[in-house]
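Visitor: I have a few questions about how the terms are applied here. Please set each value against its rule.

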Amino acid sequence: MGNYLIRRLLQTVIVIFGVTLLTFFSLHLAGDPTLLYVSERASDAEIAETRAKLGFDKPLSRQYIDFVTNAARGDFGNSLRTRTPAFDLVMERLPATIELTLFAMFVAIVFAVPIGILAAMNRGTALDGGVMLFAMFGQSMPSFWLGIMLILIVGLRLGWLPISGHVPVLQPLFEGHFMVAFENIPGAINHLILPGVTLATFSLARNARLIRSSMLEVLSQDYITTAKAKGLRTWTVVGRHAFRNALIPFITIVGLEFGFLLSGVVVIETVFSWPGVGRLVFNSINQRDIPVVQSAVIFFSLLFVLLNLLVDLVYTTLDPRIRLS
Amino acid sequence: MHYLARRNWLVVCALIALLALMAGCAAPTASDTSSETSAPTDGETSADSSDATRLIIAQTVDLEGLEPSEVNSRAESNVFAHMYGTLYEITDSGAIEPYLAQAYQVSEDGTEYTFTLNEGLTCHDGEPLTAEDVVYTFQRAADPENGFTGNTAGFVLDALGYADARVDGDLDATIVINAYSPIALGLISEVYIHCKDYYESVSLEDAAQNPVGSGPYKFVEWVKDDYTLLEKWDEFTLRDATYDELEWRVIPEASTRTAELIAGNVDIITNVPPDQHTAINNSDAATVAGVAGTRRMYVGFNQRDIFDDTEGGLAIKDPAVRVALQYAVDVPTICQTLLAFDCERASSMVNPPNDNPNLEPYPYDPEMAEQLLDEAGYPRGDDGVRFDITFQAGRGRYLNDEAVVLAIGQYLTDVGVNTNVEILDWSSEFVPALRQHDVGPLYFVGTGGSTWSAVYDMADLSEPTGATNYTEWQNPEWFSRWAQLSETQDADGQKALVDEMLEIFYNDPPWLLLYFQPDFYGVSDGVDWTPRRDEQINVVPAKPIN
Amino acid sequence: MANSASLSTTDDAVYVTDREIRLSPPWWRKAARSLAAAKWPILAIVILLSLMLLAVFAEPLAPADPNRQNLIRRLQPPLTQNEDGGMEYWLGSDGLGRDVLSRLIYGARISILVGVMAVVVGGILGTFLGVIAGYAGGRTDDIIMRIADIQLAFPFILLAIMVLVVLGAGVLNLVLVLGVGQWVTYARIARGETIAQKQKDFVDSARSIGVGHRRLVLRTIMPNILAPIIVIASFNVASVILSEASLSFLGLGVPPTIPTWGGMLAESRDQLLGGYWWLAVFPGVAIMLTVLSLNILGDWMRDFLDPRLRGR
C-alpha cells in the first residue's frame, strides 16, 4: 500500500512536470507577448525595456527553468494583464467553478443512477426506450446551444429560473462567513440549475446508459439468479447485490468525469456569465497572459491527478478483488 | 475486514487532504475590503426600478483593474468616470465644460494650462482635493517607474505633449505641454483626478484593488468577472446623481444580456446585436436606444512595401485604385441590413458636424468602380479577376463585424477584386499585426473619434511615421499642412486648413471610407436615460420612471 | 452532446472502452426489443450514407453558391420564392443572405471530413503508440503511458484553445488538435490487447519459428484490436463533430468562409432571440441526426464486431 502510494505520487510529479513543459512551450510558440503589454505609441526602446522587465528577453530554456523553480516554491509570477499574482487570480475564481462542476457532477450521477436502474429493470419497455432516446439526444446537442435555449425558454419565456449570474457559497465559506454561505444556499442553487444542467446533460445521458448496461450485465449473472431463486424480492436483489456491483465500473469514471466537466466550463461560463476560471483562462490564453494560464493548467492537472488517485483508492475498497499493484 | 477498514481510513484522509488543499488555496485570496459577500440581484423578482434605487448596467467585458491611470477599455472608463472626477468634462453635445475645475487660463503661447479647482472638494477617504492632487495625478501617470500603458499614459499624455505639472496655489494647478495643441483641453478632460495622500501610501497592486475616487460614486466592491458595485457619495455636490447604487455587471454573451434585460433584471445593456432589436422593442420591458457613434469604421489600404510581392498590395499603392474601390462598396445597404441603422457614408475621417461639408460621400456605383479600375490598368482577366487581395479583420470587436467584413469582401469580389477574407483573433493576432503595420494589405478597423474636435479625429495621421498611421500613407500635402495646423490658433484658420486636408484625404484616400459605428443600448422602460454618441456611458443624469 | 463532453472525447471513450464494451450485453438484441424495431441501425446507415453522398456531390446538389451573399434578401424564412415563383431559399437565408440549404450541404463536407479525419489521425497515432507500448513493454511502455497520463491530466479544451490560438484556426489544425486529443483512448485499447495477445502460446511459437516482429504485430495482434477500435472510432466521430461546434462558438472553428454545421450554429446564436429559428434548427438537426446515427451505429457495431461479445 505504502509503496503503491509512493509510486503513484512519483508518477504524479512526472505528469505535472510534463504538463508544465507542454503548457510553457505551446504558449511560447506563439511568440513574444510583449507587444500586447506596451502602449500603442511605445518606442522600440520602451518595448525592449518592457520585454526585459517581463523576462521575455532571456533564452527560452532559461525562462523555463526560472518558471519551474519559482513554481516549485509556489510563485507563479504576476499576471501580465493585471500585475497581481497569477495564482490568486485563479483562486479567486475557483470557488465559482468548483460549485458549478460539483453541482453538474451531482446531477450527472445522482439522476443517472435511478434512471439507469429503472431502464434496466424495465428492459424492452417504452420506459427503457424513452430513456435510451433521451440519452441519445442528450449526447447530441452542443452545450452552448442547449444553454442559450434553456435561457430563452426556462429563464425568459417561463421565468422559472434566473437567467445568469452567480450567488457565492464556497467563497464566503472559505472566508469563514458561515452564516452568509448558508443564507446564500437557496439563491445559489437557483442560479446553479440552468448552467449546471446544461453542463451535466451530456454526462447524465452517458452515465444513464452506462448504469443501465452495467446493471443488465450484473442482473444476468449467476449469483443474482441464485438470489432470486432463493426467493429474495427483486428490489432487495437490486439494492443489495446488483447495484453494488454495477457501481464498480461507474466509480472509475467519476474521477475522469471531473476533468471532463471542467473542460466544459469555458463555454458554460461564457453563456451564463458565470465568474469562474474557465472564462479567465480562455481570456488569458487570448491575451497571452502566460502566468495565469500556467497556474490554472497546473492547478487543474494536479486536482485531476489527485482526484483520480482518490478514485482508485475508493475503487479498491469497493471491490476487494482488485489489488493495488 | 481489518484490512478494509484501514483502507477506508486512508481514503478519508486523502479526501480531507484534497479538500484542505482546495480550501487552503482559496482562503488567502479573500479580499479584506469586502467583508460581506452580498448576493447580486435576485434573479427571481424582476428588479423594477422602484424597488431599489440601484441601477444595473450590463457590459460585455470585465475591468482589468481599478487603477485610475491605467484605463484599458471602454468598460473601465465607464466605471471610472463615475468614480473619479476630471478637471473639465466633455458633454453629450461635444462641449467642454467645467467640472472639478471651475475655470482655466491658457498662457500666451498655449503651452501652459492653469486650472482653478472648485472649493471644498474631497476624495472619498475624506482628504481635501487640492491643486497638489491634480499635479500628483499627472506626475504619477507620467512616471515611467509606474509603467502605465493605458489610455492616460499611453495616449493622452503622449498626444498632449505633456511636459510637467506644478502647483500655483492651493486651488491652482498648471499643466505644461511642449507645444500648443488645439485638443489639449479635451485630452486633459480624459484624466481621472485622484488624491495624493492615499495613492502615495499604497502599492500599485493595492491601488488597483482598492480605489479611492473623487467623483459622484464611491467604490464598494468588485467581484471579478461578475460585477462592480458603486454607491452614491453624498458629499459630492458638483453633480446631482439620482441612483443610490450602480451595479456594473459583466455578461459576455449577447443573448444572455438581452434576456436579462427583457426579464427586467438589468436596466441598461451595451452592444445589442442588430438582429435582437425587434425582440427587445416588442417586449414590454425595454427599448433599444441607438445613437450615431463617433467610432470611424474603415478599411485600411496598407501601403507598406512588405506587400509588394502580392498583386493586391501593389495595386492599392495606386491612388486611382483606392478611389475606384470606394465606389464598389454599398455602405448604406450594409448599415441598413447588418447594423439596423440608416447611416450616411463617411466622407472623411472626421465626425460630423466637424467635417468638411463640401465633400460628398462616395456613392455606391459598381460600374464606376469597374471603369476606374480598367482605366487604372487593372482589367478583368479571363477568369473575371483583376487581382487577388487579402482582407484581414479581428473577431468580435465591433458591431456585427464578421458579417460586415464578409459583406465588404463580397462587394469587392463583385467588381473583380478577388478578396480573401481572413478573420483573426483580436488581441493575440490582429492587434499585434496592426501595431507593427503588418496587417492587410486590406484591414478592417474602427478608431475612436470625438464629438468635439476635427483635429482630434485627424490625430491618427499626425505624422508620416506615427504609430497610428497603420497604412503608412505618405501624402506630403497632408503632412505639411499638419505642421501649419499646430501653428494656427484661431478657429476659422484651423477650420479652413482642416477642410483642405480632408479634401486631400478624400482624393488620395488611405482608407476605404465606411461609416461611423452606431451604438445600441437596451434600456429598461423603467429608466429615463439617453445614450451619448462617444461610447461613454454616463448614468449620473439617469432617473427612474414611475 | 455537451461540449464539455465533446471537448474531452478521450475521457468519454476511455470509459466506454474499459468498461462498457466488455461488460454490456448486445445492444442490438435489446434495441430490437426496447425500441420495438430493429430498423434503427439500418436507418442510421441510410442517414450516414446519404449525408456522405451530399458531402461528395455538394457541387451539383447545392442549389446555390454557399458563400454567395445577398444582403437585401437576408433572413428570409424557409420556402421563400423568388419573383418568378421558383424556389429561392428552400431552408431560408442567413444573416448575409446566403442560402442555408447550400451551406448545410457544403457544411456536411467539412463537418464529416473533420470528424472522420480527426478520428483517423487519433486512431492511427493511438493504435501505433499503444501497440508499441504493449509489445515493447518496460521503459518504452512506461514513457508512452506517462505521456498518456499527461495528456489526460491536461484539460483538453485548454490544450485545444492554446494550440488553435497559437497555430491559428483552420481545417487542418482543427483535425490535428481533435485527433491528437483522442489518441490516448486508442492507445489504451491497443496496449491492453497487445499485452493480452503477447501472452498467448501461438505468439510464442510464431516467434520461435522466426516470424518477424512487424509481421507478428500485423498478422496476429492487429486483427484482434481492430474491432474495439472501430467501435470507439464511430462514437468519436460524433463527439468530434460536437467539439467542432463548441470550438466555433469560442471563435476557434474553421474560417467563416468555409461553412460547417457547428459554425452555422455558432453564427446563429445572436439571432435565436429574433425568431429566426431556421438558422439554428437546420444545422442543429443535421448535427443531431449525424451524432444519433453514429451512436446507434456504434452501439450496433460494438455488438457485431467485437467477437467477445457476440456469443453472450
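Visitor: Where in chain B is B:Thr471 placed?

Guide: This is a predicted model. B:Thr471 sits in the loop that runs between helix H16 (454-458) and helix H17 (476-487) of chain B.

Visitor: Why is B:Thr471 called buried?

Guide: Its relative accessibility is 1%. Buried means under 20%. B:Thr471 therefore counts as buried.

Visitor: Which residues is B:Thr471 in contact with, leaving aside neighbours within four places in sequence?

Guide: Contact needs heavy atoms within 4.5 Å. Those in contact with B:Thr471 include B:Phe301, B:Arg304, B:Tyr443 and B:Trp511. B:Gly300, B:Asn302, B:Gln303 and B:Pro510 are also among them.

Visitor: What are the domains of chain A, and how many residues does each bring to the contact?

Guide: The assignment gives domain 1 (2-72) and domain 2 (94-318). Domain 1 of chain A brings 19 residues and domain 2 of chain A brings 15 residues. Their C-alpha centres are 33 Å apart.

Visitor: How is the size of an interface often given?

Guide: As the accessible area lost when the parts come together. Between domain 1 and domain 2 of chain A, about 1,600 Å² is buried. Carbon and sulfur atoms give 78% of that area. On the side of domain 1 of chain A, A:Arg8, A:Ile16 and A:Leu27 supply 31% of the buried area, more than any other three residues.

Visitor: How many salt bridges are counted between domain 1 and domain 2 of chain A?

Guide: A salt bridge needs a side-chain nitrogen of Lys or Arg within 4 Å of a carboxyl oxygen of Asp or Glu. The count between these two domains of chain A is zero.

Visitor: What makes up the side of domain 1 of chain A that touches domain 2 of chain A?

Guide: That side divides into 14 nonpolar residues, four polar and one charged. Helix H1 (residues 2-29) of chain A gives the largest share, 13 residues.

Visitor: And chain B: what area is buried between domain 1 and domain 2?

Guide: Chain B has domain 1 (88-207) and domain 2 (293-518). About 920 Å² is buried between them, with 65% from carbon and sulfur atoms. B:Tyr180, B:Pro182 and B:Ile183 lose the most area in domain 1 of chain B, together 55% of what that side buries.

Key. Residues numbered from 1 in each chain as written. Chains lettered and ligands numbered in written order. Predicted model: local features only at pLDDT ≥ 70, side-chain atom pairs only at ≥ 80, totals over all residues. Heavy atoms only, no water. Domains from an automatic or database assignment. Buried area = accessible area lost by both parts, 1.4 Å probe. Helix = DSSP H or I, 4+ residues; strand = E, 2+ residues; numbered from the N terminus. Nonpolar A, V, L, I, M, F, W, Y, C, P; charged D, E, K, R; others polar. Buried < 20%, exposed > 50% of the residue type's maximum accessible area, 1.4 Å probe, protein only.
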